[in-house]
Amino acid sequence: MHKRILHGIVACAIMTILLAACTIRDAASIPTGPMVKMGNATFLQDTITIKKGAKVTLVDTVAVTHIITNGYWDGSTQKPAKEAGAPAVNLNFTGNDTSSTPPFNTAGTFKLYCTIHGGMNLTVTVQ
Ligand SMILES: [Cu+2]
């Protein structure tokens, strides 16, 4: 009789551990680092400050394509340019998706832009 109760307790404990393990894995799949959301033709914030070694996760919140790379819009002119120390960024978004830059391993100010949407600039400051 006691043995049966003990088995029940052990089974419950195992189930709890398995559930906890699943919960932890789900939480780990959600990016927790620096994040910038994108709308129809803009970054929803145009600057972000991160720590050296961090990646920037870009979240496309709408069903719109964005192509993000190194450089900036100067008025209506694209100025592709990769600063010294900048990671090479080349991210294609097809809508409602998420992707991260490589890590920014050098302190400084780095510019990213969307080649599709004029004026869609993001400045990344790395400390
Ligand atoms: Cu865009």
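**Close-up views of a predicted model**

**View 1. Strands S3 and S7 in a three-stranded sheet.** Strand S3 (residues 57-60) and S7 run antiparallel and are joined by 3 bridges. Threonine 57 has serine 100 of S7 as its bridge partner. The open sheet that holds these strands has 3 strands in the order S1-S3-S7, and its pairing is mixed. Its edge strands are strand S1 (35-38) and strand S7 (98-100), each of which pairs on one side only. From one strand to the next, the twist averages 20°. As in all the views, the coordinates come from a predicted model.

**View 2. The copper site.** Three residues coordinate the copper ion: His66 through ND1, Cys114 through SG and His117 through ND1, at 2.0 to 2.1 Å. The spacing of these donor residues in sequence is H-x47-C-x2-H. Cysteine 114 and histidine 117 are both buried.

**View 3. Surroundings of histidine 66.** Histidine 66, one of the copper donors, is located in strand S4. Its relative accessible area is 0%, so histidine 66 is buried. A polar atom of the histidine 66 side chain lies 2.8 Å from the backbone oxygen of glycine 39. A polar contact of 3.2 Å links the side chains of histidine 66 and histidine 117. Apart from neighbours within four places in sequence, the residues in contact with histidine 66 include Met38, Asn40, Asp60, Leu91, Phe93, Cys114 and Met120.

**View 4. The hairpin of S4 and S5.** Strand S4 (residues 66-74) pairs with strand S5 (residues 77-80) in the antiparallel sense, over 4 bridges. Tryptophan 73 has glutamine 78 in S5 as its bridge partner. Between the strands of this hairpin there are 2 residues, and glycine 75 takes a positive phi near 65°.

**View 5. Threonine 69 in strand S4.** Threonine 69 belongs to strand S4. Its relative accessibility is 15%; because the limit for buried is under 20%, threonine 69 counts as buried. The threonine 69 side chain reaches the backbone oxygen of valine 89 at 2.9 Å. Leaving aside neighbours within four places in sequence, threonine 69 is in contact with Val89, Asn90, Lys111, Leu112, Tyr113 and Thr115.

**View 6. Aromatic pairs.** In the whole structure, a search finds 2 aromatic pairs. For tryptophan 73 and tyrosine 113, the ring centres are 6.0 Å apart and the planes are at 85°, so this pair is edge-to-face. Tryptophan 73 lies in strand S4 and tyrosine 113 in strand S8 (residues 108-114), so the pair ties together parts that are 40 residues apart in sequence. Tryptophan 73 counts as buried at 12% relative accessibility, and tyrosine 113 counts as buried at 2%. For phenylalanine 104 and phenylalanine 110, the ring centres are 5.7 Å apart and the planes are at 45°, so this pair is tilted. Phenylalanine 104 and phenylalanine 110 are both buried.

Notes:
Residues are numbered from 1 along each chain as its sequence is written. This is a predicted model: local features need pLDDT of at least 70, side-chain atom pairs count only at pLDDT 80 or more; totals for chains, interfaces and linings use all residues. Side-chain values use heavy atoms; hydrogens and water are left out. Donors are N, O and S atoms within 2.8 Å of the metal (3.2 Å for Na, K and Ca); water is not among the atoms, so sites may look incomplete. Buried means under 20% relative accessible area, exposed over 50%, partly exposed in between (1.4 Å probe, protein chains only). Two strands pair if DSSP finds at least two bridges between them. A polar contact is a pair of N or O atoms within 3.5 Å; within protein, one must be able to donate a hydrogen and the other to accept it, and residues adjacent in sequence count only if both atoms are side-chain atoms. Contact means heavy atoms within 4.5 Å. Rings of Phe, Tyr and Trp (its six-membered ring) pair if their centres lie within 6.5 Å; planes under 30 degrees apart count as stacked, over 60 as edge-to-face and the rest as tilted. Axes are lines fitted to C-alpha atoms, for helices over the stretch in contact, and angles run from 0 to 180 degrees between N-to-C directions.
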